[in-house]
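Colleague: I am new to this one. Please show me the model, and let me ask how you know what you say about it.

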Amino acid sequence: MAPPPSYLLRSPSGKLTITKQADAAALYDYVKSQDQSKLQNDPKAVMNAIDYYVNNTKRMMIFSQPKLIAAEKVLEQLHPKPKVLVELGGYVGRSALAWGSMLQKFQQASQGDVKDVKVFSMELELEFAKMIRDFVDIAGLSGTVEVVQGQSGESLKLLKVEKGIEHIDVLFLDHWKEFYVPDLRLCEELGLLKKGSVVVADNTDIPGAPDYLKYVESGGEGGWKYRCESINVGSERGPVSSESSPPIKLSGGDADTKQSIVHFAYVEDTP
Ligand SMILES: C[S@@+](CC[C@H](N)C(=O)[O-])C[C@H]1O[C@@H](n2cnc3c(N)ncnc32)[C@H](O)[C@@H]1O
């Protein structure tokens, strides 16, 4: 059988899912067509360029600005401030850029050293991983955000042995939902989560991650204890991040239009 065209992505069940590759490539071209001197070493400018494109074209599978704001409010309450964040599912790097700047901001606000902050963006697809690396470089965040290309499970195993990471302060689940439970359990097994770690999950409402919700909301297993909270950010088509962006012109209408929940699972106890 001929291999699937590159614009089709595979889900773990082997099903081919809608193209996201072509959208990502068009977004990349748009950002690269902008005056690069205005984006250089300015994460906000790069994020604004991405948001401008996304808000003016079709919807993309990006963790939205209202959700990022909700997550920021939760994460800034953490003591000590989070230094290590691992995101599973990087796509075009929008959330990786946001987490990198957010964690740096927390360190600066608490007189910490931004060099201590690390974001690992784990992305399966080579083309997406390259794109994230490029955006991170342009934004001047390459000292903070590291892209690990490959299957999340394999990448998580490298964290301790190759990257010298003892614990994850924030785990962001935004890849395919079938991996949420296995990857969370793998983090538990590898001893990557500790009391006080927070697991932030997208897509728990639409398309839904019932197995994940069942696991964390029943409190975990084998000595792992989670306390959960869901924050509803309202319509995802809320404020855009760029103050300079023109009014939003939206087209299309993906099935996940009404997605509005960010789910938090706080690690309250470990075995
Ligand atoms: C929803 S997108 C991530 C969006 C991104 N977090 C953002 O907000 O900008 C999901 C991504 O997860 C990736 N992915 C899916 N399963 C994966 C896995 N097992 N390991 C690593 N990446 C995976 C897909 O290739 C896709 O790029």
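**Reading the fold**

Modeller: Start with a pair of residues: Cys228 has Ala265 in β9 as its bridge partner. This is a predicted model, in which local features need pLDDT of at least 70, side-chain atom pairs count only at pLDDT 80 or more, and totals for chains, interfaces and linings use all residues. Residues are numbered from 1 along each chain as its sequence is written.

Colleague: What makes β8 and β9 a pair?

Modeller: Two strands pair if DSSP finds at least two bridges between them. β8 and β9 have eight bridges, in the antiparallel sense. β7 (193-201) is also joined to β9 (residues 261-269), by four bridges, and these two run antiparallel. There, Val198 has Tyr266 in β9 as its bridge partner.

Colleague: How many helices and strands does the protein have, and how are they defined?

Modeller: The protein has nine helices and nine strands. Both are DSSP runs, numbered from the N terminus: helices are H or I with at least four residues, strands are E with at least two.

Colleague: Which way do β3 and β4 run?

Modeller: β3 and β4 run parallel, joined by five bridges. Glu87 stands opposite Ser121 in β4.

Colleague: Why is β4 called largely enclosed?

Modeller: A residue is buried if 20 or more other C-beta atoms lie within 10 Å of its own, exposed if 12 or fewer, and partly exposed in between, with C-beta atoms placed from the backbone. Six of the six residues of β4 are buried, so the rest of the structure largely encloses the strand. Lys118, Phe120 and Met122 point one way, Val119, Ser121 and Glu123 the other, and all are buried. Across the protein, buried residues make up 42% of the 271 residues.

Colleague: How do you know whether Asn203 is buried or exposed?

Modeller: Count its neighbours. Asn203 has 23 other C-beta atoms within 10 Å, so it is buried. Asn203 sits in the loop between β7 and α8. Its phi is positive, about 70°, although it is not a glycine.

Colleague: And Asn41, buried or exposed?

Modeller: Asn41 has 11 C-beta neighbours inside 10 Å, so it counts as exposed. Asn41 lies in the loop between α1 and α2. Asn41 also has a positive phi, about 55°, and is not a glycine.

Colleague: What does Trp224 count as, and why?

Modeller: Trp224 has 18 C-beta neighbours inside 10 Å, so it counts as partly exposed. Trp224 is in the loop between α9 (210-217) and β8 (225-232).

Colleague: What does Trp224 touch?

Modeller: Leaving out residues up to four places away in sequence, Trp224 touches Glu188, Thr270 and Pro271. Contact here means that the C-beta atoms, placed from the backbone, lie within 7 Å. Trp224 and Glu188 are 36 residues apart in sequence, yet their C-alpha atoms are 8.0 Å apart. In the protein, among contacts between residues at least 6 apart in sequence, 77% join residues at least 24 apart.

Colleague: Which residues of α1 are buried, and why are they said to line one face?

Modeller: Asp23, Ala24, Leu27, Tyr28 and Val31 are the buried ones. Seen down the axis of α1, the buried residues fall within an arc of 135°, so they line one face of the helix. That arc is taken from the directions from the helix axis to the C-beta atoms. On the other side of α1, Ala22, Asp29 and Ser33 are exposed. The cover over the buried residues of α1 includes α2 (43-56) and α5 (126-139).

Colleague: Where are the cis peptide bonds next to Pro80 and Pro207?

Modeller: One joins His79 and Pro80, with omega about -5°. Pro80 lies in the loop between α3 (65-75) and β3. Another joins Ile206 and Pro207, with omega about 5°. Pro207 lies in helix α8 (residues 204-208).

Colleague: Which residues come nearest to the ligand?

Modeller: Of the 22 residues around the ligand, Phe63, Gly89, Ser95, Leu124 and Ser152 come nearest. β3 (84-88), α4 (94-109) and β4 (118-123) are the elements that give two or more residues to this shell. A residue is near a molecule if its C-beta atom, placed from the backbone, lies within 6 Å of it.

Conventions: Contact = placed C-beta atoms within 7 Å.
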